[in-house]
Amino acid sequence: MKDYHSFVRRGWPGASATEESVDTQHIEQLHEELERAVERLGDDAMFAAFLRGAATFHAYSWSNVMLIWIQRPDATAVKGFRAWQALGRQVRKGEKGIRIQTPRPYTKTVERDGEDVEERRMGFGWASVFDVAQTDPIPGHPTPWTAPELPDVQGDPAVAAAVWGAVSAHLRGLGIAVTRCEASPWPSAHGWYSSARKEVSVVRADPAREAMVLIHEAAHALVDAATAVEGGGDVDGYAANEVLAESVAYIVATAVGIEATACSATYVAVWLNRDAAGFRKSMTAAMRIARDLIAVVEGATAAPSEMAA
């Protein structure tokens with residue numbers, strides 16, 4: 001973690017002294033808590049709690065989801081101080097911010113072919129966000145914030161059909177076929193993904209069931225397509241990819257309002273013990289896949305006014 005400790009001592013290049021005049025002891029403590037939290041993900045309840053957080057804050061990076069989770073596990077919507085003001089809510093005096101990492105672009109002069117060249121680089125600094133529970137409404141604000149409504153995939157056949165169409169089109173655009181079938185070769189399976197044929201199959205059912213199964217199998221297909229985990233060393237590539245695919249399916253389903261069950265953390269504990277760095281890298285990739293799939297679903301279910309915005 002050389003880069004992290006370098007930042008703690010001096011701040012990233014491109015970040016002002018004012019922005020980064022933070023309590024370095026607090027940042028060190030956050031780092032230690034983050035390490036301990038990652039180690040606890042091998043527990044079923046803790047892993048399920050993390051996945052719920054990832055579903056709520058799917059627009060954030062893996063590290064920021066973890067940071068939000070360890071500082072305020074009950075958070076539901078976080079924004080910066082001024083962002084809340086713009087949305088008609090005021091952070092209450094004395095509330096403690098949730099520290100997250102933010103990108104800090106900067107330029108560095110380097111010598112190339114005997115000439116000085118300005119090179120754009122990216123570092124990371126720290127910023128504070130606040131949960132909505134730490135704010136109060138600003139009286140008379142013209143456009144007060146309201147919590148977003150989740151699409152009714154399970155209760156509205158038209159919404160479910162829209163989700164099926166959008167996710168199917170997304171997969172086909174990636175070269176993955178989607179088919180409906182009358183029955184499954186396995187009694188308990190409602191759908192499956194064939195890596196050899198690059199094909200998702202879903203047993204015919206009501207629109208809501210089909211949409212939910214398609215999201216689940218799409219997660220398996222997309223993780224496979226991304227080859228998020230390559231077998232080798234002490235890590236079982238198949239078991240690891242199953243964890244990632246089930247995690248993506250849970251994050252996406254929960255984020256769009258579909259009831260889902262978190263996968264077991266049994267192999268997560270093994271994975272963390274054998275290759276913790278690889279686990280983090282792979283979960284980062286899984287969250288990126290989930291974020292893209294959520295965008296597909298949200299695009300299919302957004303109201304016309306929301307799409308225009």
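1. Basis. In this predicted model, local features need pLDDT of at least 70 and side-chain atom pairs count only at pLDDT 80 or more, whereas totals for chains, interfaces and linings use all residues. Residues are numbered from 1 along each chain as its sequence is written, and side-chain values use heavy atoms, with hydrogens and water left out.

2. Overall. The protein has 10 helices and eight strands (DSSP runs numbered from the N terminus: H or I of at least four residues for helices, E of at least two for strands). Of its 309 residues, 42% are buried (under 20% relative accessible area, 1.4 Å probe, protein chains only). The accessible surface is about 16,400 Å², with 52% belonging to carbon and sulfur atoms (Shrake-Rupley method, 1.4 Å probe).

3. Helix pair. Helix H7 (residues 207-226) packs against helix H8 (residues 237-255) at about 135°, and their axes lie 8 Å apart (lines fitted to C-alpha atoms over the stretch in contact, with angles from 0 to 180 degrees between N-to-C directions). Residues in the contact (heavy atoms within 4.5 Å) include Ile 215 and Ala 219 of H7 and Leu 244 and Val 248 of H8.

4. Ser 168. This residue is in helix H6 (residues 157-173). Leaving aside residues up to four places away in sequence, Ser 168 touches Val 178 and Leu 214.

Note on methods: Buried < 20%, exposed > 50% of the residue type's maximum accessible area, 1.4 Å probe, protein only.
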